[in-house]
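Let's take a walk through this model, one side-chain contact at a time. Have the structure open and follow along.

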Amino acid sequence: MKTHKPLVVNDIEVGDVGEEENIFESLDFQNVHTAFQKSYLELIDNIDNKETKKGSEGIVRIDIKRDALLFETYKKAQNNYGKILKKVEDHEKDFKIKCFARMRKLILAVLFADRKFGKRVTRFDGEKLVEIGALDSIPVCPRGGEYSIIYKNGRRLFNCSIHGVLKN
C-alpha cells in the first residue's frame, strides 16, 4: 500500500499529493475574497458619506492622514487576499515543477527510443516507450495534461497541454 505525504504550501497543509485536493477550500478562499469585496464596498460607502472639502477644481478631496481609519479595514482585507493569492500561485507552481520533471524523464526515454529504432521519434507514444523498456510506466501530468512532442525551428520539444512547453 502506497502512502502519500500531505502537500504543504507556505506552512499550510493543503491536501494529499495522491488525491485531487481543493486548495480554495483549504485556504478558505471564498470567505477571504468576500471579506475583501465587502471591505472595498464599505470603503466606498464611507468615502461617499464622509464630509469632505472640495478643492479649487471642485473635486472632493480626502485627507489620507486624517482619515486613515477609513482605509484600515480595507488594507487588512487586501493584505489577507494577497496572501491567499500568493499561496494559490505557489501551489500551482509546485504542480508545474512536477510536470516539467516528468517531461525531463520523457526526453531520456525518447532519446533511448531514437537509438533503439535508429531514427528520431516524431510522436509521443507512452505505451511504446514502456514496451521497449524506456519507461517503467507512462508519466502523467499532475493536473491531467496531455504530453506531446512538437517541432519548432527544427527542434523537438516536449509539451504539456496545461503547463506548456518544457524549455531547456
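Start with lysine 38 and glutamate 42, whose side chains meet in a salt bridge at 3.9 Å, N to O. A salt bridge here is a side-chain nitrogen of Lys or Arg within 4 Å of a carboxyl oxygen of Asp or Glu. Both lysine 38 and glutamate 42 sit in helix 2, four residues apart, about one turn of the helix. Helices are DSSP runs (H or I, at least four residues), strands likewise (E, at least two), and the numbering goes from the N terminus. Lysine 38 counts as exposed because its relative accessibility is 52%, while glutamate 42, at 36%, counts as partly exposed. Those words have cut-offs: buried is under 20% relative accessible area, exposed is over 50%, and partly exposed is in between, with a 1.4 Å probe and protein chains only.

Before going further, a word on what you're looking at: this is a predicted model, where local features need pLDDT of at least 70 and side-chain atom pairs count only at pLDDT 80 or more, while totals for chains, interfaces and linings use all residues. Residues are numbered from 1 along each chain as its sequence is written, and side-chain values use heavy atoms, with hydrogens and water left out.

Back to the charges. A search of the whole structure turns up eight salt bridges. Another of them joins glutamate 89 to lysine 93, with the closest N and O atoms 3.5 Å apart. These two share helix 3 and are four residues apart, again about one turn of the helix. Glutamate 89 is partly exposed at 41% relative accessibility, and lysine 93 is partly exposed at 42%.

Now for the aromatics. Which residues form one aromatic cluster? They are Phe29, Phe36, Tyr40, Tyr74 and Tyr81. Rings of Phe, Tyr and Trp (its six-membered ring) pair if their centres lie within 6.5 Å; planes under 30 degrees apart count as stacked, over 60 as edge-to-face and the rest as tilted. By this rule there are five aromatic pairs. Phenylalanine 36 and tyrosine 74 are stacked, because their ring centres are 5.7 Å apart and their planes lie at 25 degrees. That pair links distant parts of the chain, with phenylalanine 36 in helix 2 (residues 29-49) and tyrosine 74 in helix 3 (residues 68-117), 38 residues apart. Both phenylalanine 36 and tyrosine 74 are buried. Tyrosine 74 also pairs with tyrosine 40: the centres are 6.0 Å apart and the planes at 55 degrees, so this pair is tilted. Tyrosine 40 itself is partly exposed, at 42% relative accessibility.

Last stop: helix 4. Lysine 128 forms a salt bridge with glutamate 131, the closest N and O atoms being 3.8 Å apart. The two are three residues apart in helix 4, so about one helical turn separates them. Lysine 128 is partly exposed, with a relative accessible area of 35%, whereas glutamate 131 is exposed at 62%.
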